[in-house]
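Take a look at the aromatic side chains in this model.

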Amino acid sequence: MRRQRLVAARAAAAVGQKTAPWFSGVEVEMAPPDPILGITEAFKADGSADKLNLGVGAYRTEELAPYVLEVVKKAEAKMLEKGENKEYLPIDGLAAFKKATVELLLGADSPAVKEGRVATIQSLSGTGSLRVAGQFLSRFCSGRTLYISDPTWGNHKAIFTDAGVPWKTYRYFDPETVGLDEEGMMADLKAAPEGSVVLLHGCAHNPTGVDPTKEQWKQICDLCHERQLLPFFDVAYQGFATGSLEEDAFAPRLFVEEGHDVIVCQSYSKNLGLYAERIGALNIVASDKDSAARILSQLKKIARPMYSNPPVHGARIVTEVIGNKDMFDEWKGEMEMMSGRIMTVRGELYDHLTRMAPEKDWSFVKRQIGMFSYTGMTPDQVANMTGKHHIYMTKDGRISLAGLSSSKAEYLAAAMVDSVRNF
Ligand SMILES: Cc1ncc(COP(=O)(O)O)c(C=O)c1O
């Protein structure tokens with residue numbers, strides 16, 4: 001490295017430059033594009049009129065345009081009227097937001113909330129919450145392994161690797177049944193060392209769209225007791241999976257009711273369409289108020305040198321919407337509308353696929369829930385989808401149905417059938 005810099009300095013002197021460019025002396029390799037957000041970059045560069053971006057999980061209208069919820073516009077208008085300032089928030093965020101978000105997650109009557117046993121910190125959406133949680137685990141629970149489902153959301157492994165949390169995977173998906181690999185999951189979690197941490201998707205598992213049933217959740221909950229595993233929920237789709245905020249919070253609520261200490265990360269990217277506001281929260285449910293207070297103090301200590309304090313705008317939107325009965329009801333209606341549109345295009349895609357290729361069982365398309373369909377397509381099939389049909393999707397065969405319209409469902413089905421039959 002020093003020699004490289006010396007050579008560069010001499011070369012610069014030879015052409016009359018004062019110093020060599022500093023970065024010519026350090027090796028910075030080109031990083032690969034992000035597996036999910038990189039797809040949007042490639043999509044933008046594609047000139048085809050047929051192109052379809054099913055890579056990123058972002059809700060689109062039937063016209064495939066981004067959607068700002070009506071209730072968000074109303075909340076913003078109210079905020080403007082109030083003329084609130086832009087002072088720094090406390091490190092752990094807006095107090096009213098913290099109260100609203102934990103109550104939305106666990107229910108206002110939750111004993112854990114009432115007893116002050118939940119340490120909540122407003123964070124930079126789901127990703128930022130997971131990162132702070134990761135930092136907390138690596139600082140205070142070192143030596144504990146985090147178990148992550150195989151497959152999982154594309155960013156999980158990078159988040160926990162960067163946070164210095166050792167992780168392993170547990171079996172989750174059975175390609176034969178295109179459903180939950182219950183036996184594999186339970187066996188892997190049983191084999192995990194006592195005291196490990198297990199990352200669970202609260203609802204609408206990404207990328208598979210396969211969730212445990214309520215009965216299976218109860219078994220996982222019992223197993224966590226038996227093996228003393230710490231349940232760590234990633235809740236990125238509350239209200240978006242089924243259209244009901246309560247239904248989609250079933251699993252984390254069950255684990256808290258059953259007496260577990262629990263970590264839960266929340267995101268308002270999808271359910272309120274606040275993707276770019278970066279608003280979410282990290283909640284750590286402890287067994288008593290004193291532990292929660294100590295945990296919160298350490299979460300603040302982690303956040304302060306990382307980003308100091310969180311942004312205020314999204315927090316105020318969420319607080320307005322949850323705190324106003326009319327707006328809250330309107331939000332529920334819009335969530336039902338969004339999840340309903342996704343269910344409709346699921347049905348349409350299934351109908352086209354079944355008509356075009358009746359020899360194959362496509363029922364998984366209708367069974368999976370949430371934004372995505374995990375198609376089981378191979379990398380070669382995915383390459384054909386993009387190369388020939390200009391359909392952009394993640395390499396693991398996941399398509400975001402939130403980016404599909406009824407009018408494009410037939411085009412997508414034809415491309416899928418072509419890819420599955422020929423590759
Ligand atoms: C499972 C899961 N967790 C977390 C996130 C984080 O999203 P955000 O950081 O936008 O809240 C996502 C987004 O796609 C996700 O699917």
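**Aromatic rings and their partners**

K360 places its charged end over the ring of W362, at 5.0 Å from the ring's centre. The model is a predicted one. W362 itself is buried, with a relative accessible area of 3%.

How many aromatic pairs does a search of the whole structure find? The search finds 15. One of these joins F43 and Y392. Their ring centres lie 5.7 Å apart and their planes meet at 80 degrees, so the pair is edge-to-face. The cut-off for that class is over 60 degrees.

Now place this pair along the chain. F43 belongs to helix α2, residues 37-45, and Y392 to strand β12, residues 391-392, so the pair ties together parts that are 349 residues apart in sequence. Are these two residues buried or exposed? Both F43 and Y392 are buried. F43 has a charged neighbour as well. K51 lies over the face of F43, 4.5 Å from the ring centre.

Return to W362. Its ring also pairs with that of F364. The centres are 6.2 Å apart and the planes are at 40 degrees, so this pair is tilted. Planes under 30 degrees apart would count as stacked and those over 60 as edge-to-face; the rest are tilted. F364 is buried, with a relative accessible area of 3%. W362 thus has the charged end of K360 over its ring and a tilted pairing with F364.

Which residues do ring pairs link into a cluster? They are Y59, Y67 and F240.

Notes:
Residues numbered from 1 in each chain as written. Predicted model: local features only at pLDDT ≥ 70, side-chain atom pairs only at ≥ 80, totals over all residues. Heavy atoms only, no water. Phe/Tyr/Trp six-rings, centres within 6.5 Å; stacked < 30°, edge-to-face > 60°. Helix = DSSP H or I, 4+ residues; strand = E, 2+ residues; numbered from the N terminus. Buried < 20%, exposed > 50% of the residue type's maximum accessible area, 1.4 Å probe, protein only. Lys NZ or Arg CZ within 6 Å of the ring centre and 35° of its normal.
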